[in-house]
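Please read the following walk through a protein model with the sequence and the 3D view open side by side. Each paragraph takes up one part of the chain or one kind of contact.

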Amino acid sequence: MVEFDDAFRQQLHELFVWRRDVRRFRSDPLPDGAIDRLIETACLSPSVGLSQPWRFVIVDDAARRRAVIDNFRACNADALNCYSGERAARYAALKLSGLEQAPGHLAVFADKASDIGHGLGRATMPETTEYSVVAAITAMWLAARAEGIGLGWVSILNPDRIHAILDVPSTWKFIAYLCVGYPEAECDQPELERAKWEHRREASEFTLRR
């Protein structure tokens, strides 16, 4: 049995504290095999019924990357129109993707049609397929941070358009588009908190006892 001591637990806590959703990347290339290694770690994550529904698409093609960037710009402009006044001004000032700077692009999908796991655990909560993929992304995020690599999750995209750009099966549900690279700077505070968009709340605000 493997045992983890207090020093390890403290370092693990620090890893959680210093994990950031990165928007500002250096242009330095990633080491060969870095993204593949992070994917291998992600695949150690738990999944409902051991279904392993995660599907990863490493996006190297320049034309596909440009199409993703164009879609982000269009979707971001639409999102800005949802706000008004001071909140709109704050939104416009935010940097919400590192798509043009990050050396690595990785799209993540959930395979809704896979028969791996034989449907165990999904009859009453089929959405656990997607939850399993999110768990894998979280594991990858922490593993990347431990190597000094930053991840930025871009959600301001049209899923149908991403499907078309990347030419993936229709049964795959788009979950995340990740920018991967070395961050310009490191911080233990979320960028959106520093920009005064929102602040981190105490755990007690989200906890009930019954």
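In which helix do Asp6 and Arg9 lie, and how many residues apart are they? Both are in helix H1, 3 residues apart, which is about one turn of the helix. This is a predicted model, and what follows should be read as a description of that prediction. Asp6 and Arg9 form a salt bridge, and their closest N and O atoms are 2.4 Å apart. A salt bridge here is a side-chain nitrogen of Lys or Arg within 4 Å of a carboxyl oxygen of Asp or Glu, so the distance of 2.4 Å for this pair meets the rule. Asp6 has a relative accessible area of 58% and is exposed. Arg9, with a relative accessible area of 44%, is partly exposed.

Stay with helix H1, which covers residues 6-18. Leu12 also lies in this helix. Leu12 has a relative accessible area of 33%, and that makes it partly exposed.

Now return to the salt bridges. By the rule used here, the count comes to 13. One of them joins Glu186 and Arg145, with the closest N and O atoms 3.3 Å apart. Why does this pair tie together parts that are 41 residues apart in sequence? Glu186 lies in the loop between strand S4 (172-181) and helix H7 (191-194), whereas Arg145 lies in helix H5 (residues 128-146), so the bridge spans that separation. Arg145 is buried, with a relative accessible area of 19%. The cut-off for buried is under 20%, so Arg145 at 19% falls below it.

Another salt bridge is formed by the side chains of Arg201 and Glu198, at 2.9 Å from N to O. Arg201 has a relative accessible area of 34% and is partly exposed. Glu198 counts as partly exposed too, at 41% relative accessibility. Salt bridges can also be linked to one another: Lys112, Glu130 and Lys173 are connected in a network of them.

Next, look at how helices are placed against each other. The axes of helix H3 (residues 62-80) and helix H4 (residues 85-93) come within 10 Å and cross at roughly 160 degrees. Are H3 and H4 roughly parallel or roughly antiparallel? They are roughly antiparallel to each other, because angles over 145 degrees are put in that class. The crossing of H3 and H4 is right-handed.

A second pair is helix H2 (residues 34-42) and H5, whose axes come within 8 Å and cross at roughly 130 degrees. That angle makes H2 oblique to H5. H2 passes H5 in a right-handed crossing.

Helix H5 also contains Ser132. Is Ser132 buried or exposed? Ser132 counts as buried, at 6% relative accessibility. Between Ser132 and Pro53 there are 7.2 Å in space, C-alpha to C-alpha, although the two are 79 residues apart in sequence. Ile165 counts as buried, at 7% relative accessibility.

Finally, consider the backbone. Most residues other than glycine have a negative phi. What is the phi of Gln52? It is near 45 degrees, a positive value in a residue other than glycine. Gln52 is found in the loop between H2 and strand S1 (54-58). At 33% relative accessibility, Gln52 counts as partly exposed. His118 has a positive phi as well, near 55 degrees, and is also a residue other than glycine. The place of His118 is in the loop between strand S2 (104-111) and H5. His118 counts as exposed, at 79% relative accessibility.

Methods:
Residues are numbered from 1 along each chain as its sequence is written. This is a predicted model: local features need pLDDT of at least 70, side-chain atom pairs count only at pLDDT 80 or more; totals for chains, interfaces and linings use all residues. Side-chain values use heavy atoms; hydrogens and water are left out. Helices (H or I, at least four residues) and strands (E, at least two) are DSSP runs, numbered from the N terminus. Buried means under 20% relative accessible area, exposed over 50%, partly exposed in between (1.4 Å probe, protein chains only). Axes are lines fitted to C-alpha atoms, for helices over the stretch in contact, and angles run from 0 to 180 degrees between N-to-C directions. Angles under 35 degrees count as roughly parallel, over 145 as roughly antiparallel, 65 to 115 as roughly perpendicular and the rest as oblique. A crossing is left-handed if the near helix is turned anticlockwise from the far one by less than a right angle, and right-handed if clockwise.
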